[in-house]
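Trainee: I have a model open and want to learn how its features get their names. Can we go through it term by term?

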Amino acid sequence: MASQGDHGLGDSQTDFQVPPHELSKIQHVVAVMSGKGGVGKSSVTALLATALRRRGLAVGVLDADITGPSIPRLFGLHKRPEFTEFGMFPPLTDTGIKVMSLNLLLDAEDDPVIWRGPLIGGAVKQFWTDVVWGDLDYLLIDLPPGTGDSPLTVLQILPLDGLVIVTSPQELANMVVKKAIKMADKMEIPIIGLVENMSYAICPHCEEKWELFGPSRGAGVAQDIGIPFLGTIPLDPRLTALCDTGAVEEYNGEVIARMQGWLNS
Ligand code: ADP
């Protein structure tokens, strides 16, 4: 089981790792990473959680991108975690996804969180050790963007089974993606695959597919780097609207069905 530290990380990383809460039994821990912010990492995390939940699996989302309010906002979640003598119980979304985020502990959702790397690491560690996740098939981690201190700290703390890398067409040509992959490689974290978000647009009126940035290059780039290509996600105004209104779980794009096969346990 992944949560007991029996995973593929190198020895140098295991020193940092701690077991999860004793009432948590987590089968798979998967982190979602991006080379930079704004490519849709949190949205993809939320969609992936939705897809797995619709498959009937027990899913949690640990928001490690704690400087951005995305995860609770995407799910329209305002409930606070419940504090008990056993630990912190994460609130549930409408479809029963367990979510833990620092934003759920703030007095006002738009309070700024101005924390640096080590403090972020401390909060994420607590979300791992003090939160009663219970039995989960998947715990998805929304990592801080980029390849700096903050995502690195999180990667060192949590025993990951794999990493999904989210990119946008403009970012594909960029070194940032390669840097992210190098970082994962160095830490011996298996890469599940690359996702190209906002790859094409869908007209909300006629559903026509429009390749704004030309034909997708995601598959080619993934092949060059030597990692699996999971697929493309369209830039879909219906998704933006659902994300903005906290209803991401209602999304019915065909990508949801494809996502259900991305993580094969
Ligand atoms: P990141 O986590 O990489 O910073 P977010 O997931 O917060 O990015 O997405 C940034 C914005 O882009 C959000 O408003 C989100 O609703 C929108 N967005 C992301 N992916 C898509 C998509 N495929 N189609 C439409 N809107 C999207």
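Trainee: What makes Asp 142 and Lys 41 a salt bridge?

Mentor: Start with the source. This is a predicted model, where local features need pLDDT of at least 70, side-chain atom pairs count only at pLDDT 80 or more, and totals for chains, interfaces and linings use all residues. Residues are numbered from 1 along each chain as its sequence is written, and side-chain values use heavy atoms, with hydrogens and water left out. Now the pair. A salt bridge needs a side-chain nitrogen of Lys or Arg within 4 Å of a carboxyl oxygen of Asp or Glu. The closest N and O atoms of Asp 142 and Lys 41 are 2.9 Å apart.

Trainee: Where in the chain do Asp 142 and Lys 41 sit?

Mentor: Asp 142 is in strand S6 and Lys 41 in helix H2, 101 residues apart. Helices (H or I, at least four residues) and strands (E, at least two) are DSSP runs, numbered from the N terminus.

Trainee: Which residues are linked with Lys 41 in a network of salt bridges?

Mentor: Asp 65 and Asp 142. Asp 65 also pairs with Lys 41, with the closest N and O atoms 3.1 Å apart. The structure holds four salt bridges.

Trainee: Are Asp 65 and Lys 41 buried or exposed?

Mentor: Both are buried. Buried means under 20% relative accessible area, exposed means over 50%, and partly exposed is in between (1.4 Å probe, protein chains only). Asp 142 is buried too.

Trainee: Why is Glu 254 called partly exposed?

Mentor: Its relative accessible area is 46%. That value lies between 20% and 50%, so the term applies. Arg 258, at 29%, is partly exposed for that reason too. Glu 254 and Arg 258 form a salt bridge, with the closest N and O atoms 2.9 Å apart.

Trainee: What makes a set of residues a nonpolar core?

Mentor: Its members are buried Ala, Val, Leu, Ile, Met, Phe, Trp, Tyr and Cys residues, joined through side-chain atoms within 4.5 Å. The largest one here has 41 residues. Ile 141 and Leu 155 are among those with the most contacts inside it. A second, separate core of 38 residues includes Leu 48 and Tyr 251.
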